[in-house]
Amino acid sequence: VICISNPMQSLQRAAEFKPDLVVLDMHMPEINGIELATLLRQHEQFLLLPIIFVTADTSVRLRQSIESIGVNAVLTKPVDMGALVNACERAITDTFSRSEERRVGKEC
């Protein structure tokens with residue numbers, strides 16, 4: 001696990017660290033979570049990267065915007081740790097299944 005306090009370093013750190021999952025806050029300095037998730041998704045190595053959002057914002061419009069970029073879960077603060085663990089497990093399992101389907105599809 002690594003924690004990045006400067007979101008502008010996220011792409012570089014993700015390329016070096018190769019995370020299995022990313023948890024993003026919506027409101028961060030210099031860039032918001034949607035912008036960062038969009039930047040991650042623009043790189044082929046992060047197309048299937050599980051992304052979970054954590055936000056205190058309960059706006060339906062914001063939630064729809066977050067979900068439209070293909071994230072695995074959106075959790076509302078304060079986050080129940082059990083819910084976070086479950087979301088992480090589900091996101092990794094779903095992503096593994098999609099990557100296997102993608103791999104098998106390429107072999108055919």
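Me: Where is the place of Lys18?

Reply: This is a predicted model, in which local features need pLDDT of at least 70 and side-chain atom pairs count only at pLDDT 80 or more, while totals for chains, interfaces and linings use all residues. Residues are numbered from 1 along each chain as its sequence is written, and side-chain values use heavy atoms, with hydrogens and water left out. Helices (H or I, at least four residues) and strands (E, at least two) are DSSP runs numbered from the N terminus. Lys18 lies in the loop between α1 (10-17) and β1.

Me: Is Lys18 buried or exposed?

Reply: Buried means under 20% relative accessible area, exposed over 50%, and partly exposed in between, with a 1.4 Å probe and protein chains only. The phi of Lys18 is near 55°, a positive value in a residue other than glycine. Lys18 has a relative accessible area of 58%, and therefore counts as exposed.

Me: What is the phi of Glu30?

Reply: Glu30 sits in the loop between β1 and α2, and is exposed at 66% relative accessibility. Most residues other than glycine have a negative phi. Glu30 has a positive value, near 75°.

Me: Which residue forms a salt bridge with Asp25?

Reply: A salt bridge is a side-chain nitrogen of Lys or Arg within 4 Å of a carboxyl oxygen of Asp or Glu, and by this rule the count comes to 1. The closest N and O atoms of the pair are 2.8 Å apart. The partner of Asp25 is Lys77.

Me: How many residues apart in sequence are the parts that this pair ties together?

Reply: Asp25 belongs to strand β1 (residues 22-25), whereas Lys77 belongs to the loop between β3 (73-76) and α4 (81-107). Asp25 is partly exposed at 23%, and Lys77 is partly exposed at 36%.

Me: Which peptide bond is cis, with omega near -5°?

Reply: Most peptide bonds are trans. Pro78 is placed in the loop between β3 and α4. The cis bond runs from Lys77 to Pro78.

Me: Which residue in β2 is the bridge partner of Leu24?

Reply: Val22 and Leu24 make up the covered face of β1, while Val23 and Asp25 make up the uncovered one. Two strands pair if DSSP finds at least two bridges between them, and β1 and β2 pair in the parallel sense over 4 bridges. Leu24 has as its partner in β2 the residue Phe53.

Me: What is the handedness of the β-α-β crossover from β1 to β2?

Reply: A crossover is right-handed if, with the strands pointing away from the viewer, the path from the first strand over the helix to the second runs clockwise. Here the chain passes from β1 through helix α2 (residues 33-41) to β2. This crossover is right-handed.

Me: Which element has the lowest mean pLDDT?

Reply: pLDDT is the predictor's confidence in each residue, from 0 to 100. The mean for the protein is 90, and 94% of its residues reach 70 or more. Strand β2 (residues 51-55) has the highest mean among the elements, 96, and the lowest, 85, belongs to α4.
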